[in-house]
Amino acid sequence: MSEHHSTNPPALEVRNLTRFFGRKPSEALERLRAGASREDLAGLGTAAVIDVDFDVRQGEIFVVMGLSGSGKSTLIRMLNGLVEPTVGSVSVMGHPITGVGAAKLREVRRTHIAMVFQHFALLPHLNVLDNAAYGLEVQGVPLAERRAKAERVLDRVGLGGWGEKLPSELSGGMQQRVGLARALAADADILLMDEAFSALDPLIRREMQEQLIELQQELGKTIVFITHDLNEAMFLGDRIAVMRDGRVVQIGSAEEILTDPADDYVAQFVQDVDRARVLTAGNVMEAPRAVASASAGPRAALRAMRDLQTSMVYVVASGRRLVGVAHDRDVLRLVRRGERSLEGAITDDYAAVGPDVLLSDLLESSVEQALPLAVVDEEGRLLGAVPRVTLLAALGNVSTDTAELQALQTPATVSAEVMNATLRETAAAAPPDIPQQVGEPTAFEGSRA
Ligand SMILES: Nc1ncnc2c1ncn2[C@@H]1O[C@H](COP(=O)(O)OP(=O)(O)OP(=O)(O)O)[C@@H](O)[C@H]1O
């Protein structure tokens, strides 16, 4: 997910950031540098954030995730200059905000950063429109202009026509939309969102998450989103930083964190994640086990199936374009008849999905299909396959190596002996083998030619 942001310039640069609350900060820092944990320093005070280092790219949704007390709030407060780090630096859109004067800090904050808080922080005596326009008022934008702008963003977050109401007349979800509208109206490059959806009911919360992603795609904002909810982190984050006891223990995409947790702590943490809503077909697909080139003919297809002991092959045309599947019995028949073309055995009784389809949306097609789901790109090229066993393994976080699971693959319905005998008996009458590049692509790589 994050690849398309990886070349953007950084919106935030965070370097070796540490915040210690307590006595003898220099002694604490020295011990932290030597590897002391937060617990080791408990006698001196609290190391709220320890040696945190990352960049957030422009247009990225960067999630900071951790349990209560892990240091998220202190970190986000250092990102907008509300808390001074004990050591380390923060730059916002190329402007340092650490070690600068108050005026400079205010200026950077005002032009580049907008905050969205958990408890909305709306002004109760101002109506919705003026709450949405509040950031602009602070910026000195004239009344008519700021109201017009606030109206546009209220429309955008689904609150058109609610401008005259007071916050107390709105539901929690709607109040948070006002909070979001206020942040968007200010036109800052970076939105800092601190547990912004944590006070909302689950359904409303999911709705807000979806809308946030939509808004992000439309407006291209950089978003730093703080949450203690791993499912929320996984759903929203292009990348996620996992915090524990003040340190960042892993930074990666949802998929990386799920499939390659940095340590036992993260592994345990991600155990309960709803994988089906995080992982996509492209994340879990395997190289298709059996692929035959349409132009290579039935004998090559039969040999591929014999070698892999499987009952079907994907049939691809030039450019790896998937044209169908062929079953062992049908291919066997063609070989017996001495046919040169695989055409008669190609069927379309397979299911194909795009690489970005979530596993939750694959389940149904997979249950109906004995064959692995084909994963194809927009041009119909075969990218991979998701056997049911892989899907189940990915959802249950089970290894696919066990023999028991392997038995669920599509086993050949014709024995290798019968295939061999048929290939032998018909060899004399068969056309000469077709040259290597289209010859016998038993493995995925072999079909690329
Ligand atoms: N001003 C402060 N003075 C002393 N200790 C503090 C201060 N602010 C935070 N801490 C401590 O730093 C640690 C990290 O707190 P922080 O609020 O950053 O974590 P958090 O992950 O945001 O947790 P929560 O979700 O509960 O807010 C905690 O142990 C907290 O008690």
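In this predicted model, strand β7 (residues 190-194) lies alongside strand β8, and the two pair in the parallel sense over five bridges. Between them the chain passes from β7 through helix α8 (residues 202-219) to β8, a β-α-β crossover that is right-handed. Within this pairing, D194 is the residue that stands opposite I226 in β8.

Strand β8 also pairs with strand β3 (residues 61-66), again in the parallel sense and over five bridges, and here F62 stands opposite V224 in β8. The two pairings of β8 can be set side by side as follows.

| Partner of β8 | Residues | Sense | Bridges | Opposite residues |
|---|---|---|---|---|
| β3 | 61-66 | parallel | five | F62 and V224 |
| β7 | 190-194 | parallel | five | D194 and I226 |

Strand β8 itself, which spans residues 222-227, is mostly covered, with six of its six residues buried. Its side chains are divided between two directions, T222, V224 and I226 pointing one way and I223, F225 and T227 the other way, and all of these residues are buried.

Turning to the ligand, the residues around it are F21, T46, A48, G66, S68, G69, S70, G71, K72, S73, T74 and H228. The elements that contribute two or more residues to this shell are β2 (45-57) and α2 (72-79), and the largest share, three residues, comes from α2. Sorted by class, the shell around the ligand holds two nonpolar, nine polar and one charged residues.

Note on methods
Residues numbered from 1 in each chain as written. Predicted model: local features only at pLDDT ≥ 70, side-chain atom pairs only at ≥ 80, totals over all residues. Buried ≥ 20, exposed ≤ 12 C-beta atoms within 10 Å, placed from the backbone. Helix = DSSP H or I, 4+ residues; strand = E, 2+ residues; numbered from the N terminus. Pairing = 2+ DSSP bridges. Right-handed = clockwise from strand over helix to strand, strands pointing away. Near = placed C-beta within 6 Å. Nonpolar A, V, L, I, M, F, W, Y, C, P; charged D, E, K, R; others polar.
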